[in-house]
Amino acid sequence: MKFVIQRDLLMESIQHVMKAISSRVTIPILTGIKIEATPEGIKLTGSDSDVSIESFIPKEEDGIMNVEEITPGSVVVQSKYFPDIIRKLPLKTLEITTDEKFQVTITSGGSEFHLNGQDAMEYPQLPVMHTDNSFELKNDLLKELIRQTVFAVSTVETRPILTGVNMRIDDQHMHFVATDSHRLASRKIPLENDQSQLSFNNVVIPGKSLAELNKIIDDNEDEITISVTENQILFQTKHLYFLSRLLDGNYPETSRLIPEQSKTTVLTKTKELREAIDRASLLAKENRNNVVKLETKANDRLEISSNTPEVGQVTEEVTTDSINGEDLKISFSAKYMIDALKIIQEDYVKIDFTGAMRPFIIKPNENDQILQLILPVRTY
Amino acid sequence: MVNWQQISETQPVASKMLTQMIKQDRVAHAYLIQGDAGTNSREIAKLLTKSIVCRYTRDANPCQACADCHRIDSGNHPNMHWIEPDGLSIKTEQVATLKKEFTYAGVESNEKVYVISEADRMTTNAANRLLKFLEEPGEKTTAILLTENSYGILDTILSRTQVISLRPLSHMEIERVLIEEGMTADNARLFSIVTNDLTKARELDQDEWFAQARKLVVQLMSILRANQDEALLFIEKNWLDHFKDRDQLDRGLDLLLLWFKDIIYLHVENEDALVFKANQEDVNACLWHYSRQDATHILAQIMNAKRELLQNVHPTLVMEELTLQMQR
């Protein structure tokens with residue numbers, strides 16, 4: 001393998017793939033960065049086996065030559081030394097060559113490094129993009145999907161499948177669902193017609209991977225291509241491929257959890273309600289569950305209260321736009337409620353209650369795409 | 001690289017069981033491979049992993065040439081997880097990472113294998129966490145637990161695994177392994193006969209006490225040949241000083257037993273079977289002194305001495321009596 005490359009470009013790619021590399025891996029080869037040279041360009045890969053990031057440097061872009069004198073080949077180099085070497089090289093361009101014993105030679109100006117590499121055959125084989133099961137989304141929309149669901153994944157390992165976000169495509173909609181069995185967050189978006197023949201059901205993406213992906217992709221309107229294989233999911237932007245392993249197992253059926261009808265419906269300003277609950281939770285913090293109580297009052301008013309005998313008590317009154325249906329007294333976790341309200345950007349929010357012991361639904365008014373469900377807490 | 005045919009030379013039963021299961025595609029979800037040190041249980045675990053993961057497995061034997069096989073050998077296969085004791089024991093965190101690993105889909109194919117070597121060194125907590133996960137195995141997940149001591153494994157784990165017992169090595173095999181490891185042929189022969197455990201044989205090779213014991217046996221025999229009268233004195237002064245407790249005395253008697261066996265071997269001109277090869281000349285010198293009948297008689301006496309020691313007869317008396325028998 002041999003190529004000559006712009007140092008800054010290589011450095012940028014290295015920084016991308018380094019995000020996937022962890023020092024605590026069980027497989028020794030994963031401490032390295034895989035470098036692959038093809039006639040089209042250079043591809044770097046970093047992985048901790050859960051998440052893999054590939055960064056591609058095309059040979060030529062917008063008429064500018066990025067990489068020259070390519071002889072195809074591949075090698076794995078130590079990620080502990082390689083980035084620092086590249087960063088500190090004296091010239092703007094550098095040359096990398098390898099021999100058949102996986103010795104890597106890096107030259108730039110007067111400096112010459114010899115690094116011991118490893119056989120790229122030892123590196124895990126990552127799935128490649130299949131066009132027949134892929135679809136496209138806009139970057140900012142994907143980020144929104146992630147942000148609106150990933151907070152609700154379970155953090156405890158008792159039911160590992162719940163640490164992921166379930167991605168489902170049916171009747172021309174894509175659904176993202178996350179739950180930790182106390183609350184549920186879901187978001188759906190309509191898909192364009194030509195993608196409607198796609199159908200996934202049991203795709204569960206680890207919440208950690210999605211949080212990582214959210215950090216990596218830029219907030220713009222570029223297209224991102226998503227492709228699902230048997231074991232992995234691939235997110236592909238222009239030159240960056242992000243792969244995550246899927247979670248193994250069946251995601252529980254969540255649609256049955258959502259109550260069909262409601263007994264009490266509250267329509268109120270999102271921000272006002274959130275702030276009121278936030279204040280009420282100040283004193284509830286001492287309590288283990290961070291529980292606040294919500295009560296409907298006459299004249300479309302809500303009373304939110306919390307009482308911790310050792311600390312004190314708080315009462316908040318919120319004037320709502322409308323309260324329809326039966327009177328209600330309900331207790332729930334303020335943290336879950338705040339989480340749910342935080343991701344709603346609309347000014348008005350609609351809450352559907354079905355009694356004090358039944359889960360309730362929070363939706364932005366006039367928007368069916370977001371649905372949040374919270375289980376109440378039993379108090380005496 | 002080993003294949004099942006090679007394994008079947010030393011472990012016919014285990015290899016037959018495993019190959020049958022692979023051929024019939026009925027690999028169990030968990031195995032416990034139990035065998036003494038030197039029974040290459042690690043090789044068997046690797047081979048089994050290869051047979052499961054390799055896509056070109058023919059007749060239970062993996063191809064040994066594809067990328068999968070190579071990476072299993074180098075420990076770089078992402079679908080194989082090998083857990084070794086971290087320090088003295090296998091800790092809960094190690095089992096926890098393993099557990100996390102297996103909630104994910106496989107990196108490449110779906111077949112996932114985890115190997116826990118020295119599984120008896122799992123802490124109780126770690127073992128209990130593993131238990132949950134042995135109970136509800138993933139679809140294509142195989143666990144291979146290795147141990148030298150299946151009594152150190154929790155019963156609850158034992159009952160959830162298929163136990164494959166490896167046959168202990170014979171003297172000849174131990175000797176061969178020891179020579180391969182670079183021990184001299186003489187020492188390898190002696191140690192393989194004194195103990196049938198590879199680790200213990202390796203320990204004996206490093207043991208000052210044992211070297212000295214050997215020297216004493218040679219000295220005692222030369223005294224018995226040259227000036228018999230001093231033999232009792234030697235026993236009193238040197239022998240009992242070195243062989244202190246009952247186990248050590250028993251060891252000493254074992255060595256004497258081997259020596260007289262050697263005398264008989266030389267009488268019947270079976271030199272290959274000789275244990276004290278390095279001291280062949282000394283043994284040879286004894287031939288004039290002890291006839292075959294004498295040697296047989298003394299062997300019986302040594303056995304008797306060993307029995308007496310077990311019956312709590314005073315060690316000095318046992319040794320003195322034996323020495324008198326040997327003085328002739």
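The model is predicted, with local features needing pLDDT of at least 70 and side-chain atom pairs counted only at pLDDT 80 or more, while totals for chains, interfaces and linings use all residues. Residues are numbered from 1 along each chain as its sequence is written, chains are lettered from A and ligands numbered from 1 in the order in which they are written, and side-chain values use heavy atoms, without hydrogens and water.

**Entry 1: α8(B) and α9(B)**

I recorded that α8 of chain B spans residues 171-180 and packs against α9(B) at about 140°, the axes being 8 Å apart. Axes here are lines fitted to C-alpha atoms, for helices over the stretch in contact, and angles run from 0 to 180 degrees between N-to-C directions. Helices are DSSP runs of H or I with at least four residues, strands are runs of E with at least two, and both are numbered from the N terminus. The angle makes α8(B) oblique to α9(B), oblique being what remains after under 35 degrees (roughly parallel), over 145 (roughly antiparallel) and 65 to 115 (roughly perpendicular).

I listed the contact (heavy atoms within 4.5 Å): α8(B) gives B:His171, B:Ile174, B:Glu175, B:Leu178 and B:Ile179, and α9(B) gives B:Ala185, B:Ala188, B:Arg189, B:Phe191, B:Ser192 and B:Ile193. By class, I found seven nonpolar, two polar and two charged residues. Ala, Val, Leu, Ile, Met, Phe, Trp, Tyr, Cys and Pro count as nonpolar, Asp, Glu, Lys and Arg as charged, and the others, Gly among them, as polar.

**Entry 2: α9(B) and α10(B)**

I then followed α9(B) (residues 185-194) to α10(B) (residues 198-206), where the axes come within 9 Å and cross at roughly 125°. That angle makes α9(B) oblique to α10(B), and the crossing is right-handed. The contact joins B:Asn187, B:Phe191 and B:Val194 of α9(B) to B:Ala201, B:Leu204 and B:Asp205 of α10(B). I counted them by class as four nonpolar, one polar and one charged.

**Entry 3: α3(A) and α4(A)**

A:Leu142, A:Lys143 and A:Ile146 of α3(A) meet A:Leu210, A:Leu213 and A:Asn214 of α4(A).

**Entry 4: domains**

I noted three domains for chain A: domain 1 (2-122), domain 2 (135-221 + 243-255) and domain 3 (258-374); such bounds come from an automatic or database domain assignment. The centres of domains 1 and 3 of chain A, over C-alpha atoms, lie 53 Å apart. Chain B has domain 1 (4-168) and domain 2 (207-326), with 46 Å between their centres, again over C-alpha atoms.

How values were computed
Left-handed = near helix turned anticlockwise from the far one by under 90°.
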